[in-house]
Structures are given as C-alpha cells and as structure tokens.
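This report is for a reader new to the structure. Look through the model below, then read on for its sheets, its helices and its ligand shell.

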Amino acid sequence: MIQESIMHARRLLAEKQEIVIFSHRNPDGDAVGSSLGLMHYLRGEGHKCQVIVPSGYPAFLSFLPEVDTMLVFDDAPEAAQQVIDAATLFFILDFNSFERIDKVAEGMKDDDRPRIMIDHHLFPEPIADPIFSRPEASSTCELVYEFIVNLGHKDRVTAAISDCLYTGILTDTGGFKYSTSPDLFHTAAELLRAGTDAYKIADHVWNSQTEKQLRLLGHCLVNRMELLPEYRTGIIYLNKQDYDAFDIQRGDTEGIVNYVLRMPEYMIAAFIHEQPKIVKLSLRSKGNMDVQQIAKAHFRGGGHRNAAGGASFAPLGSTINRFKKQLPKYADEIETTYLEFNNQ
Ligand code: 5GP
Ligand code: MN
C-alpha cells in the first residue's frame, strides 16, 4: 500500500473518531466480512464504529461476530441517518461508486467529512481520500488485512477480526479458486494463526443451503438454462412466477450462475432475474474473458473481469434478448480467450 496514504489514514485515526463503515447493497461475504473485520479492529483501537449497509445480508453470514450490530438502511433509515449525521470519519468498503449505496449516499458528494476507501473493484471513483484500491486483490478482506498490517498492528488482529476477514476471502475467491496469489495464501495462513478455524468457516459458508435452495438449483439447471454453444455462453434466468413459486429470498440464488462454467467449453455465464422493478444480471467468465466490459457497456453495471453485474429496466424477455444480441460483438474475444485458457 502507498506509504503516503497509510500516513494519511494514520493521521485520521490518531484521534478517537466516530466512524461509519459503508458497504454495498446486497452485501456479500466480502462486503460484510471486511466491514465487520475493520469494525472490530477500529473498536479495539478505541473508536466508535458502526457498519451501515443499504440492504440485508444473506443468512449464512449470521455466524459472523456481531453481525447483528450492522444497521440496514432499508429497515431503519432514521436510526442509520442519525449515526451518519454524528460521524466524524467514513470508510467505504468493497465498492467504489456512490451508485452502489444509492440513497444512503444522499448528500455525501458535498459532504466534507473525511472518507477512506478500501476496495478491489476496477475504476475507483474519486469519492474518498485516501483510496486503497487494488483490483488484482482477491477481496476487500485481503486489503483490510494489509491495511491493518501497514498500520503496524498485525499483532492486534484478534480471532473475531480474522474470522470476518477469512470469510470474505473464502467467499470472494470461491474457496481459493479465483484471484489467488502467493500473498493471499500468506495472508490466509496469518489469519489461521490469529485464531481462525478454517474448517468451521468453510462449513458455515458451504454447508448452509436449505432444501428450497437445492430444489431451486435443480429447477434452474433443468428448466431455466439456455446454452449458446456457438458463443460458449450459458444463460440461467428466473421470472417473477419462479420467485413466487419458490418463495425466493435474497441469497437463495447465490452461486447458481457458476454452474454453467463447470462445462469446460463454456467461457461466459449469465444469470438474469426479474426483480420487482428491474431485471438484474450477474455475469461470470473464465480466464481473460472480460465480462465487466459487457456489464458496463450494455447494462449500466461493472465489477471485475470475471464477475460483474448490471441491470435493465426492460422486461425479462427483452433483457435476455438484448444480452444475446451483444454476443456476436464478443465472439472473437470469446474464442481467443478460450484457446488461450486451454493452452495455459
Ligand atoms: P453479483 O453478480 O454477485 O451480484 O456481482 C458480481 C460483481 O459485479 C460484484 O463484485 C459487484 O461489485 C459487481 N456488480 C454487480 N452488480 C453491479 C451493478 O449493478 N453495478 C456495478 N457497477 N457493479 C455491479
Ligand atoms: Mn469483494
């Protein structure tokens, strides 16, 4: 991390602050893990600290220490606003554009209270200073660990902190499958030394499915998967009727998109699903195939090269067609990256 930025952060943290940590809508393991991990660290340093997320977190994260202290803006806007109004310092974690926290960010653009960003998404917007951004990092949790180490406080990483950070690393790498590096495994080793039980966390993360979720996965693979072998792309979609029939709640569809990529010939997976007001897209890819550009160019979205998302205000059918219509533009890239991926 850039030493000047670390010094800047150190100066901000030299006084006792009232800190609000923001993370993004539909927070995942990395968003919640990094926010809570940092919260435990900052509270340990004597700061007041509160995590605020726009919407609720998936049930499998309920085991994280003090996850129930997070404020969900959708559920308690007034309480959250009060804490925001009293804050003297903000952290922006696992996102880099105010769009990702929509109404929570109201007024933030012109707010001159200091903000620190720690994030691993591409193209951070200049909405904080200092900004700790490293898109090659596996996760924001990896960066929060680096941040604490760079502050000189490696020995202050408690088991509560390491449990939170290890969880986000595990989920954002799909179980140490993507975005790994020698440094990441080193960090994971340090987190285990700090007291994390890797087996316990893995059990919470991977063996937490409900019967409904497994049956929904079956439905998606049997009835809602459309394959476009010529573009090495598979689409899984869910409509409003599916949402009602399976009583799908947030988090129930997590991970389903990845099944398409279990077929070696496939490079792109799309999960396209109807939400009350919008149609959301989740895109995944292998190797150097970049789905972030597709999300950004056609669906007002973004993310990472291999995992991106976006949205559309058109009906489900038109959105699926719009997605399919873009594929010919990427046909060469799909083929090139496929060949490259298989020659490695
Ligand atoms: P997911 O498909 O799991 O919702 O998101 C995958 C990745 O894409 C996440 O890392 C997230 O940051 C990014 N992403 C998802 N939806 C959006 C969106 O609407 N806008 C932007 N900019 N990024 C998104
Ligand atoms: Mn992340």
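## Terms and model

Helices (H or I, at least four residues) and strands (E, at least two) are DSSP runs, numbered from the N terminus. Leucine 228, for example, is found in strand E7, residues 225–228.

This is a predicted model, in which local features need pLDDT of at least 70, side-chain atom pairs count only at pLDDT 80 or more, and totals for chains, interfaces and linings use all residues. Residues are numbered from 1 along each chain as its sequence is written, while chains are lettered from A and ligands numbered from 1 in the order in which they are written. The predictor's confidence in each residue is its pLDDT, from 0 to 100. The chain averages a pLDDT of 97, and 100% of the residues score at least 70. The model has an ipTM of 0.95 and a pTM of 0.89.

## The parallel sheet

Two strands pair if DSSP finds at least two bridges between them. One open sheet has six strands in the order E3-E2-E1-E4-E5-E6. Its pairing is parallel. Strand E3 (71–72) and strand E6 (131–133) stand at the edges. Each has a single partner strand, so one side of each lacks a neighbour in the sheet.

Strand E1 (residues 18–23) runs parallel to strand E2 (residues 48–53), and five bridges join them. Isoleucine 21 has valine 51 in E2 as its bridge partner.

Helix H4 (residues 140–150) lies across strand E4 (89–93), strand E5 (115–119) and E6. H4 runs at about 125° to E5. Axes are lines fitted to C-alpha atoms, for helices over the stretch in contact, and angles run from 0 to 180 degrees between N-to-C directions.

The axes of H4 and helix H5 (residues 159–172) come within 7 Å and cross at roughly 145°. Two residues are in contact if their C-beta atoms, placed from the backbone, lie within 7 Å. H4 brings Thr140, Cys141, Glu142, Val144 and Tyr145 to this contact, and H5 brings Leu165, Gly168 and Ile169. By class, the contact has five nonpolar, two polar and one charged residues. Here Ala, Val, Leu, Ile, Met, Phe, Trp, Tyr, Cys and Pro count as nonpolar, Asp, Glu, Lys and Arg as charged, and the others, Gly among them, as polar.

## The mixed sheet

Another open sheet has six strands, ordered E7-E8-E9-E10-E12-E11, with mixed pairing. E7 and E11 stand at the edges with a single partner strand each, so one side of each is left without a neighbour in the sheet. Helix H11 (residues 316–343) packs on this sheet. H11 touches E7, E8, E9, E10 and E12, and its direction makes about 165° with that of E9.

Now follow the pairs. Strand E8 (residues 233–238) and E9 pair in the parallel sense over six bridges. Tyrosine 237 stands opposite isoleucine 272 in E9. Strand E9 (residues 268–274) and E10 are antiparallel, with seven bridges. They form a hairpin with four residues between them. Phenylalanine 271 faces serine 282 of E10 as its opposite. Strand E10 (residues 279–285) is also joined to E12, by six antiparallel bridges. Leucine 283 has alanine 308 in E12 as its bridge partner, and valine 279 stands opposite serine 312.

## Edge and interior

A residue is buried if 20 or more other C-beta atoms lie within 10 Å of its own, exposed if 12 or fewer, and partly exposed in between, with C-beta atoms placed from the backbone. Why is E10 largely enclosed by the rest of the structure? Six of its seven residues are buried. E12 is also largely enclosed, because five of its six residues are buried.

Leucine 228 is partly exposed, because 15 other C-beta atoms lie within 10 Å. Beyond its neighbours within four places in sequence, leucine 228 is in contact with Thr233, Lys324 and Leu327. Leucine 228 and tyrosine 266 are 38 residues apart in sequence and 9.0 Å apart in space, C-alpha to C-alpha.

## Around ligand 1

A residue is near a molecule if its C-beta atom, placed from the backbone, lies within 6 Å of it. Which residues are around ligand 1? They are His121, Ser282, Gly301, Gly302, Gly303, His304, Ala307, Ala308, Gly309, Gly310 and Ala311. Strand E11 (302–303) and strand E12 (307–312) are the elements that give two or more residues to this shell. E12 gives the most, with five residues. The shell divides into three nonpolar, eight polar and no charged residues.

E11 and E12 pair in the antiparallel sense over two bridges. A hairpin of three residues joins them. Glycine 302 stands opposite glycine 309 in E12.
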